[in-house]
Amino acid sequence: MARLAPEFRAVARHLGGPREQADDLAQDAALRLLARLRSDGRISDPRRYGFSVLRNLWRDRYRRAARQGEPLEEEPPAETPHAASAGLACRDVRAAIARLAPHHRALLTMIAQGTDNYRDLARAQGIAPGTVMSRLSRARRALRAELALGEDDTVMSLLGDEWS
């Protein structure tokens, strides 16, 4: 945990807001990570899990402050908080896709590049359309698990309501 704390603080400060709030956010994320590790300890990558917790905590606080009309920061950050969060989410999604099985990664990459027809995907991969549907279902399930998303959540939900 001592090794992750500086990284958590750096990311929290990048998200914007006063330094004290960023430090509090990093500490809360570290505490939640520790609590999860102590409760069942089944986290394959504590660093990645911790960053997901950090991003989700920041998003929740940002939205709560926006709803309550509170000032969100003392001075504007170099990058808008939403853009920073979206950038972190995109990086997490790319890394999660890279960890998928090659046949799953290939299909998701083709879809990200604009191929959305099962027949075209099947032809490009040299497999049957039914196999494409099956593999896509498994790939999406694996991606949701990698990103700690719920069964009904989409990857786009990581980017916030503005992108859905």
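Predicted model: local features only at pLDDT ≥ 70, side-chain atom pairs only at ≥ 80, totals over all residues.
Helices here are DSSP runs of H or I with at least four residues, numbered from the N terminus. Histidine 104 lies in one of them, helix 5.

**Packing of helix 5 and helix 6**

- Two packed helices are described by the angle between their axes and the distance between the axes.
- For helix 5 (residues 102-112) and helix 6 (residues 118-125), the angle is about 130 degrees and the axes are 11 Å apart.
- On the helix 5 side, Ala106, Leu107, Met110 and Ile111 take part in the contact, and they meet Leu121, Ala124 and Gln125 of helix 6.
- Sorted by class, the residues of this contact are 6 nonpolar and 1 polar, with no charged residues.

**Histidine 104**

- Histidine 104 has a relative accessible area of 10%, which is under the 20% cut-off, so the residue is buried.
- A polar contact of 3.5 Å links the side chains of histidine 104 and histidine 103.
- Beyond its neighbours within four places in sequence, histidine 104 is in contact with Arg135, Arg138 and Ala139.

**Ends of helix 6**

- At the start of helix 6, the backbone nitrogen of arginine 119 has a side-chain oxygen of asparagine 117 within 2.7 Å.
- Glycine 126 follows helix 6 and has a positive phi, near 70 degrees.

How values were computed
Residues numbered from 1 in each chain as written. Heavy atoms only, no water. Axes fitted to C-alpha atoms, helices over the stretch in contact; angles between N-to-C directions. Helix = DSSP H or I, 4+ residues; strand = E, 2+ residues; numbered from the N terminus. Contact = heavy atoms within 4.5 Å. Nonpolar A, V, L, I, M, F, W, Y, C, P; charged D, E, K, R; others polar. Buried < 20%, exposed > 50% of the residue type's maximum accessible area, 1.4 Å probe, protein only. Polar contact = N/O pair within 3.5 Å; in protein donor to acceptor, adjacent residues only side chain to side chain.
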